[in-house]
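Reader: Before I use any of the terms for this model, I would like to hear what each one rests on. Please take them one at a time.

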Amino acid sequence: MTETARLTLGDRTIDLPVIVGSENEHAIDISQLRKETGYITLDEGYGNTGACMSAITFIDGDKGILRYRGIPIEVLAEHSSFVEVAYLLIWGKLPNRPELESFRQLMAKHSFLREQLRHHFEAFPPGSPPMAVLSAVLNSMACFYPELLEAEDVDIFQEGAARILSKVRTIAAYSYNHDMGHSLVYPHPDKSFCENFLHMMFSQPYKDYEPDPALVRALDVLLLLHADHEQNCSTSTVRMVGSSGANLFASVSAGVSALWGPLHGGANVAVVQMLETILSRGMSVKDYVEQVKNKKEGIRIMGFGHRVYKSFDPRAKIIKTQAEAVLKKIHRDDPLLAIAEELEGVALEDDYFKERSLYPNVDFYSGVILRALGIPTAMFTVMFAIGRMPGWIAQWYEDRFITKGRIQRPRQVYTGPTELCYVPLDNRD
Ligand code: ACO
């Protein structure tokens, strides 16, 4: 028998259908609620609201499970690559060898920026926030590819997606080098996705940067771990913007803006700032934790806590292991790693954090790897955006081409004044 939920409002009772997902998640379908009762639901922050049906990513926050298209994140981190995962997320299956090769070639072909686009960087003042630059340049790509704006055709979508996935690295590296006053290094189509990015970041016209393969792999895994995370703040933003019929460039540019905030992707910058503060002030980790707990300073342990994960974030576990291994491999000692590990240990033993189910999230240890790669702290959230791009594109595609969602338009409960008279300017107090 199909399950229903019964809702009683005064003397009226209605039955609401229950939708069951493939992982046995239950949802009460309220799509007819307002029509039938005149009521809406209120769920600030959407903690209990499903905004769409999606077949891309599954999270069980209580058990610490994350799967892309059914495949556990731990397996992908061990055996797969960022480019393969991008294909998996967007097209719903692992590519075979020819498919992967042609996807790689498509990205290599599209890694360059148009010269006019390159000149945009000169207009940004020194010290511009790299997330602002990234969002602006991604959006302005729409001006260069008008033929890709009416992406109702899968081939056109694929062209646009490949351009964004590939050029996001070029934009990030150009933005960094422009800000540093360095020469801009063109992409090298024969290099792998991550090698090419590091080449554009750190090569000089007279000297190629040759990274340790362990660092290249660590970056690849880091990006792969960020590739999608179902309906988080930035992904919901991408779907929301896309639901109006807006093009892919505009939608992912909005995703970058949403990711920027310190409660979301910006947390990876905030974590390093927090660890640096503890180090430079010579504070004990216990004192810092006490300050967080007394809430007077309004500070949190950045990189801790998650709306969905209430046991552990599987990405954080993998990143921590990677960070330790990479530092060992390149014989580097980062004092911030030691502080982060101590902070984690103290917090996990503390009732405040236990009672609120607060654990390290993806951002807690990622900065250690990024620092080892030589990425400046200000660029950390840009790295997150490069990693999250396949997820944003896959979710945009699903909404536009597969589920063909309606324009997203939440309701509200109005709390302002009821009807007032307009007071002419001369009569006002
Ligand atoms: N440190 C200390 N206390 C915390 C933390 C933290 N990092 N996170 C939550 N809490 C406390 C809150 O103060 C609150 O306590 P209270 O019940 O006494 O008021 C309780 O835990 C619940 O917190 P909420 O803010 O209601 O939880 P929510 O689910 O809305 O927020 C969030 C989740 C934003 C991730 C939060 O845990 C946070 O601010 N973490 C730090 C920032 C961070 O790391 N963000 C990255 C998240 S992962 C990502 O977006 C990629």
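Author: The model is a predicted one.

Reader: What makes helix 3 "mostly covered"?

Author: A residue is called buried when its relative accessible area is under 20%. In helix 3, residues 82-91, nine of the 10 residues are buried, so the helix is described as mostly covered. The buried ones are Phe82, Val83, Glu84, Val85, Ala86, Tyr87, Leu88, Leu89 and Ile90.

Reader: How do you know that strand 1 and strand 2 are paired?

Author: Pairing requires at least two bridges between the strands. Strand 1 and strand 2 (residues 12-20) are joined by six bridges, so they count as a pair, and they run antiparallel. Leu7 has Ile14 in strand 2 as its bridge partner, and Arg6 stands opposite Asp15 in strand 2. The two strands form a hairpin with two residues between them, and Gly10 in the turn has a positive phi of about 60°.

Reader: What makes strand 2 and strand 3 a pair as well?

Author: Three bridges join them, against a requirement of at least two, so this pair also qualifies. Strand 2 and strand 3 run antiparallel, and Ile19 stands opposite Ala27 in strand 3. Their hairpin has five residues between the strands, and Asn24 in it takes a positive phi near 65°.

Reader: Why are strand 1 and strand 3 said to stand at the edges?

Author: The three strands form an open sheet in the order 1-2-3, with antiparallel pairing. Strand 1 (4-9) and strand 3 (26-28) each have a single partner strand, so one side of each is left without a neighbour in the sheet. From one strand to the next, the twist averages 30°.

Reader: Which residues come nearest to the ligand, and what makes a polar contact there?

Author: Of the 22 residues around the ligand, His264, Lys295, Arg300, Ile301 and Arg307 come nearest. A polar contact is a pair of N or O atoms within 3.5 Å. An N or O atom in the side chain of Arg300 is 2.7 Å from an oxygen atom of the ligand, so this pair qualifies. A polar side-chain atom of Asn361 lies 2.9 Å from a ligand oxygen atom, and one of Tyr352 lies 3.2 Å from a ligand nitrogen atom. The protein covers 75% of the 910 Å² of accessible area that the ligand has on its own.

Reader: How many residues of each class does the shell around the ligand have?

Author: The shell has 12 nonpolar, five polar and five charged residues.

Key. Residues numbered from 1 in each chain as written. Predicted model: local features only at pLDDT ≥ 70, side-chain atom pairs only at ≥ 80, totals over all residues. Heavy atoms only, no water. Helix = DSSP H or I, 4+ residues; strand = E, 2+ residues; numbered from the N terminus. Axes fitted to C-alpha atoms, helices over the stretch in contact; angles between N-to-C directions. Near = heavy atom within 4 Å. Polar contact = N/O pair within 3.5 Å; in protein donor to acceptor, adjacent residues only side chain to side chain. Areas by Shrake-Rupley, 256 points an atom, 1.4 Å probe, with all protein chains shown as cover. Nonpolar A, V, L, I, M, F, W, Y, C, P; charged D, E, K, R; others polar. Buried < 20%, exposed > 50% of the residue type's maximum accessible area, 1.4 Å probe, protein only.
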